[in-house]
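Hi,

Here is the structure I said I would pass on. Have a look at it first, and then read my notes below.

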Amino acid sequence: ISASAFKNCYVSASGDETGITSITTGDYVTTIGADAFNGCKLVSEITIGESVETIGENAFAYCGYSANVDGLTITIGEAVTEIDGTAFANCKHLTELTFNAIELETMSTTSNASLFAGTVGHDDGFTLTIGDEVTLIPDYAFKSCKINEVPTFPESLEYIGVSAFESCTKMSGDIDLSYCENLEAISASAFKNCYVSASGDE
């Protein structure tokens, strides 16, 4: 899918909004170019197929951004090896994220930004599901995201990157890595500041 192919497929006029509401890639798509779906603010579901390997800069930025979107679900396929760090920027109504990328080799970011920079999630937070065959969680992948529960980590996991879950202050539950027999490294600040106290609640 070429750069800017469906960019800004959204219009608002006299209080009415129209545009793309869901995105599903086909079985033969390998690359999603920069800005391919940037600004598709009414999208509530993104399914990235098993053939996709590369997701470009701002490819899905501002998807689901409209106040009329109740929730956004994103599924990332197993074959993805490269994601630009701004690919999902400002998808602010995220409610469910399924991360199936078995071995994400390259994640281009600037200033140690989260893979989902600005994708803070719905007010109630979002649910993160990590696929059964995922081997690594990239540096800064979910930094400062509103993940509402500690995800179940797969037995296949080998590496948790630097600041991967840093400042996920909404995340609650037990971190259980005891069954991850192949785990080689939990990097610096991986779960730093995953704690918040407000109005007497912790």
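Ser22 stands opposite Glu45 in strand E5, and that is a handy place to start in this predicted model. The pairing there is between E3 and E5, which run in the parallel sense over 3 bridges. Now step across to the next strand: Glu45 also stands opposite Thr73 in E7. E5 (residues 45-47) and E7 are parallel too, with 3 bridges joining them. Keep going and you reach E9, which is joined to E7 by 5 bridges, again in parallel. In that pair, Thr75 stands opposite Thr98 of E9.

Put together, you get an open sheet of 5 strands in the order E3-E5-E7-E9-E11, with parallel pairing. Which strands stand at the edges? They are E3 (22-24) and E11; each has a single partner strand, so one side of each has no neighbour in the sheet. On average, neighbouring strands here are turned by 5° against each other, ignoring direction.

Nonpolar side chains tend to be buried together in soluble globular proteins. In this model, the largest nonpolar core has 50 residues, and among those with the most contacts inside it are Ile48, Ile55, Ile76 and Phe88. Strands E7 (72-76), E9, E11 (127-130) and E12 (136-137) each supply at least two residues of this core.

Where does Asn100 sit? Its place is in the loop between E9 (94-99) and E10 (106-108). Is Asn100 buried or exposed? It counts as buried, because its relative accessibility is 18% and the cut-off for buried is under 20%.

Last, the cysteines. How many disulfides are there? The count comes to 0. Take Cys91: the nearest cysteine sulfur, that of Cys63, is 5.3 Å away, whereas a disulfide needs the two sulfur atoms within 2.5 Å. Cys91 is buried, with a relative accessible area of 0%. Cys180 is buried as well, at 6%.

Methods: Residues numbered from 1 in each chain as written. Predicted model: local features only at pLDDT ≥ 70, side-chain atom pairs only at ≥ 80, totals over all residues. Heavy atoms only, no water. Buried < 20%, exposed > 50% of the residue type's maximum accessible area, 1.4 Å probe, protein only. Helix = DSSP H or I, 4+ residues; strand = E, 2+ residues; numbered from the N terminus. Core = buried A, V, L, I, M, F, W, Y, C linked by side-chain atoms within 4.5 Å. Pairing = 2+ DSSP bridges. Axes fitted to C-alpha atoms, helices over the stretch in contact; angles between N-to-C directions.
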